[in-house]
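This briefing sets out selected features of the structure shown below, grouped by topic. The points may be read alongside the sequence and the 3D view.

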Amino acid sequence: MKSQPKKKSAKSKRNGDSPIWDLRLYIAGQTPKSLTAFSNLKRICEENLQGKYHIEVVDLAKNPELARTDQILAIPTLVRKLPPPIRKIIGDLSNKEKVLLGFGLTRL
Amino acid sequence: MGTRWLRLLIFDMAIKAKKRKTRSPELKKARTGIRGLDEVTLGGLPQGRPTLICGSAGCGKTLLSMEILIRGAIEHGEPGVFMSFEESSKDIAANVASLGFDLNKLADKKQVVVDYVHIDRSEIEETGEYDLEGLFIRLGYAIDSIGAKRVVLDTIENLFGGLENQAILRAELRRLFKWLKDRGVTALITGERGSGQLTRHGLEEYVSDCVILLDHRVTDQISTRRLRIVKYRGSLHGTNEYPFIIDEKGISVIPITSATLDHAVTSERISSGIPRMDRMLGGEGFFRGSSVLISGTAGTGKSSICAHVASAACERGERVLYFAFEEAEKQIVRNMSSIGLDLNRWIRKGLLTIQASRPTHYGLEMHLALVLKHIDEIDPSVVIIDPINNLVSIGSANEVNAMLTRLVDFLKTRGISAVFTTLTAGGASLEETNIGMSSLMDTWILLRDIEYNGERNRGIYILKSRGMPHSNQIREFLITSKGIDLINVYIGPEGVLTGSARKSQESKLRAEELLRQQDVERQEAFLKRRRKAVEAQIASLQAELQAEERDHKILSNNNALRLSELERGRKEMARSRKAD
């Protein structure tokens, strides 16, 4: 993860058959937990949502006002803005099954 | 080298000690602005430290913390952040609007920020390590945006319901309170009362500088709120449970400890409005600022005396506050007009205020707070409470006594004269008030029924009156169409006579007196006659004596004449006989 606030997956635009996943990861500075969360997220998305996702990283250390408007408490927090409903997953996303469960993507 | 080093060390220590000395050792306090609470905490909450406010549901935690925050912003220039974990900003604004605060306006003026932290476990999935840095950033941003000095976290324990990982949560809470302390904000943390501990999740473990416990108890269907300072590190504080009330002006704590016995006294006297009663009280009436108790059985005229006192004060141009717990204002005015007192005149002039309410309408503390509030607003010189024992119906005698002690002390510190009435139950000892009030009172006037000869009459006497000579006599007490009149009673071998017995006794006495008078006159006439008779007798005897004396004189003259004639005859004879 780099310092720029937004990262987009290049392949997100072309896949019309299923909805685009709009994900937002809230972090506060480049802490080990944030880095772990980002790499975990990236991996899970690549494995399960290839070409259908779009990750935005928000650094609350830079934009503290967003913590209030977006109701963020824990760091890191992953928010699924689309498809609705809004879901929140907190933690470093180290448990893949739980993340998929949170997204409603579990294949079990 | 060694000695030089040692000298330097000692020098350094001396400087440090001096620095410590110059810094004030006193704990800095943030005034709450809540009436009574600053007195109980001897100046407010610990400044720059967290305070825990705990209590069961509905005891006023949120309101107390919100009011401290708002008053801090308005009255002490300390902006505040209210972080709510329970209610939305809209609800909170509506809640405080009922206390007369406009939260939106305060927010516009950058005095208060309300941040609602929405947390719902069903929306959140937890996976792996995390911390609450988001909350810190959020709070820090809110504090910085208005330069807040005070922070309320209401109720942070809700996080325990929203987050699964208790270990992380506890560690983060510990970090949060330390962080708040480091930032130097005066923080108020509310917590729901748990079983066996002050808060459900043991927040007192983290917040230990000051803990305030709120309580809401219902006794005999009447609720009373109470507040207690459980601990206050580094400061003295009141340790009792203090009743507090929530009304349209916010929270008021009523500290019993503020009742002191060092009020100023005056020797100024005020009239009771009944001239004969003033004469019984050393000739001049009550002391100004003293407390007067009028006790008596039902229908002995307690309220009538109160009305007289009120009327007399109004005539002097003083303001009177009359708390009526038995009758409505209009009823008092009507009843008193029947004894010649026009109270309406004083009400219209704004000198007399009658506050009528049923005792059972509020709890005891509410009553006291309302009484104090009205006194504050009206600033009267005479307060009448009629009657006090009705309050017993809403509290135990002890509580009423404590309340009245506070009230009496409050009135005395203000130099307000107070008249209390109390109803003595039939059959109870007259010299006993059911709430042990008498020691609080400076003057105790006792009204009693005197039942005799088939009728009841009213008697009045002064049981005690501190600092003045007072009459020890029972007077008969008449309620006439021109007001109260006191008259002497007949006290004789047959006991105290009042009413028609007194009247008949008086007429009996008058008849006896008349009879005696006639006796004396008769005797005098008799004597006169006697004297005349005796004098006549004396005169006739004297006349007799004189006549006898006269006779005797004549007789003795004749006798002498006869003797000399005899002598002359004898000489004549001798001469003729030529005797020798």
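In this predicted model, chain B contains an open sheet of nine strands with mixed pairing, in the order 5-4-7-8-3-9-10-11-12. Strand 5 (112-116) and strand 12 (250-253) of chain B are the edge strands, each pairing on one side only. From one strand to the next, the twist averages 20 degrees.

- B:Ile53 has B:Thr190, in strand 8 of chain B, opposite it.
- Helix 6 (residues 133-146) of chain B lies across strand 4 (80-84), strand 5 and strand 7 (150-154) of chain B. The angle of helix 6 to strand 5 of chain B is about 160 degrees.
- Helix 13 (residues 364-378) of chain B lies across strand 10 (222-232), strand 11 (241-247) and strand 12 of chain B. Its angle to strand 11 of chain B is about 70 degrees.

**Helix 13 against helix 14 in chain B**

- Helix 13 of chain B also meets helix 14 (residues 397-413) of chain B: their axes come within 10 Å and cross at roughly 10 degrees. Because of that angle, the two helices count as roughly parallel.
- On the side of helix 13 of chain B, the contact is made by B:Leu364, B:Leu368, B:Val371 and B:Leu372.
- On the side of helix 14 of chain B, the contributors are B:Glu399, B:Val400, B:Met403, B:Arg406, B:Leu407 and B:Phe410.
- By residue class, the contact between helix 13 and helix 14 of chain B comprises eight nonpolar, no polar and two charged residues.

**Strand 20 of chain B and its partners**

- Strand 20 (residues 443-452) of chain B is mostly covered, with seven of its ten residues buried.
- Strand 15 (residues 291-296) of chain B runs parallel to strand 20 of chain B, and five bridges join the two. In this pairing B:Gly296 stands opposite B:Leu447.
- With strand 21 (residues 455-465) of chain B, strand 20 of chain B pairs in the antiparallel sense over ten bridges. B:Trp444 has B:Lys464 in strand 21 of chain B as its bridge partner.
- Strands 20 and 21 of chain B form a hairpin with two residues between them. In the turn, B:Asn453 has a positive phi of about 60 degrees.

**Helix 11 of chain B**

- Which residues of helix 11 (residues 329-337) of chain B are buried? They are B:Ile332, B:Val333 and B:Met336.
- Viewed down the axis of helix 11 of chain B, these buried residues fall within an arc of 95 degrees, so they line one face of the helix.
- In an α-helix there are 3.6 residues a turn, so residues three or four places apart point the same way.
- The cover over the buried residues of helix 11 of chain B includes helix 10 (302-315), strand 16 (320-324), helix 12 (343-349) and strand 17 (352-356) of chain B.

**Chain B as a whole**

- Chain B has 15 helices and 25 strands.
- Of its 580 residues, 40% are buried.
- Among contacts in chain B with a separation of 6 or more, 70% are between residues 24 or more positions apart.

**Contact between chains A and B**

- The contact draws 29 residues from chain A and 21 residues from chain B.
- On the side of chain A that touches chain B, helix 2 (65-69), strand 4 (87-90) and helix 3 (96-103) of chain A each supply at least two residues.
- The residues on that side of chain A comprise 16 nonpolar, six polar and seven charged.
- Strand pairing also crosses between the chains: strand 4 of chain A and strand 6 (residues 124-126) of chain B run parallel and are joined by three bridges. The bridge partner of A:Ile89 is B:Glu125, in strand 6 of chain B.

**A:Ile27 in chain A**

- A:Ile27 belongs to strand 1 (residues 21-27) of chain A.
- Why does A:Ile27 count as buried? It counts as buried because 24 C-beta neighbours lie inside 10 Å, where the cut-off is 20 or more.
- A:Ile27 and A:Leu60 are 33 residues apart along the chain, and their C-alpha atoms are separated by 6.0 Å.
- Beyond its neighbours within four places in sequence, A:Ile27 is in contact with A:Ser34, A:Val57, A:Asp59, A:Ile75 and A:Pro76.

How values were computed:
Residues numbered from 1 in each chain as written. Chains lettered and ligands numbered in written order. Predicted model: local features only at pLDDT ≥ 70, side-chain atom pairs only at ≥ 80, totals over all residues. Contact = placed C-beta atoms within 7 Å. Helix = DSSP H or I, 4+ residues; strand = E, 2+ residues; numbered from the N terminus. Nonpolar A, V, L, I, M, F, W, Y, C, P; charged D, E, K, R; others polar. Pairing = 2+ DSSP bridges. Buried ≥ 20, exposed ≤ 12 C-beta atoms within 10 Å, placed from the backbone. Axes fitted to C-alpha atoms, helices over the stretch in contact; angles between N-to-C directions. Parallel < 35°, antiparallel > 145°, perpendicular 65-115°, else oblique. Arc of directions from axis to C-beta.
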